[in-house]
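Good morning, colleagues. Please look at the structure as I put it on the screen.

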Amino acid sequence: IKNSTRVRELAHSIKGSSLNLDIVPLGSIAEQLEDLAYEEELDGIPDLISRVLQLSKETEKIILTYIK
């Protein structure tokens, strides 16, 4: 991870958006990612980024079922 500040900013944005929409699992993982980036604990960041991406895809599928 080259820029933990940018990761923290993006994680914060995802956390806020997710929690505002009551998508708690995604918000929770994003919060963990934000905390790791803030503390510059870089070892755990790639796994959490993968989890955020996975939960984002799952959330998208759920939302699309309601739209259709």
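I begin with R6 and E9, whose side chains form a salt bridge with an N to O distance of 3.4 Å. Please bear in mind that this is a predicted model. Both residues belong to helix α1, which covers residues 4-20, and because they are 3 residues apart there, about one helical turn separates them.

How many salt bridges does a search of the whole structure find? The search returns 2. Besides R6 and E9, there is a salt bridge between K15 and E34, in which the closest N and O atoms lie 2.8 Å apart. Here K15 sits in helix α1 and E34 in helix α2, residues 24-38, so the pair ties together parts that are 19 residues apart in sequence. Are these two residues, E34 and K15, buried or exposed? Both E34 and K15 are buried.

Let me now turn to α2 itself. The buried residues of α2 are L26, G27, I29, A30, L33, E34, L36 and A37. They pack against α1 and against α3, residues 45-67. After α2 comes E40, which has a positive phi, near 55 degrees.

Thank you for your attention; I welcome your comments.

Note on methods: Residues numbered from 1 in each chain as written. Predicted model: local features only at pLDDT ≥ 70, side-chain atom pairs only at ≥ 80, totals over all residues. Heavy atoms only, no water. Salt bridge = Lys/Arg side-chain N within 4 Å of Asp/Glu carboxyl O. Helix = DSSP H or I, 4+ residues; strand = E, 2+ residues; numbered from the N terminus. Buried < 20%, exposed > 50% of the residue type's maximum accessible area, 1.4 Å probe, protein only. Contact = heavy atoms within 4.5 Å.
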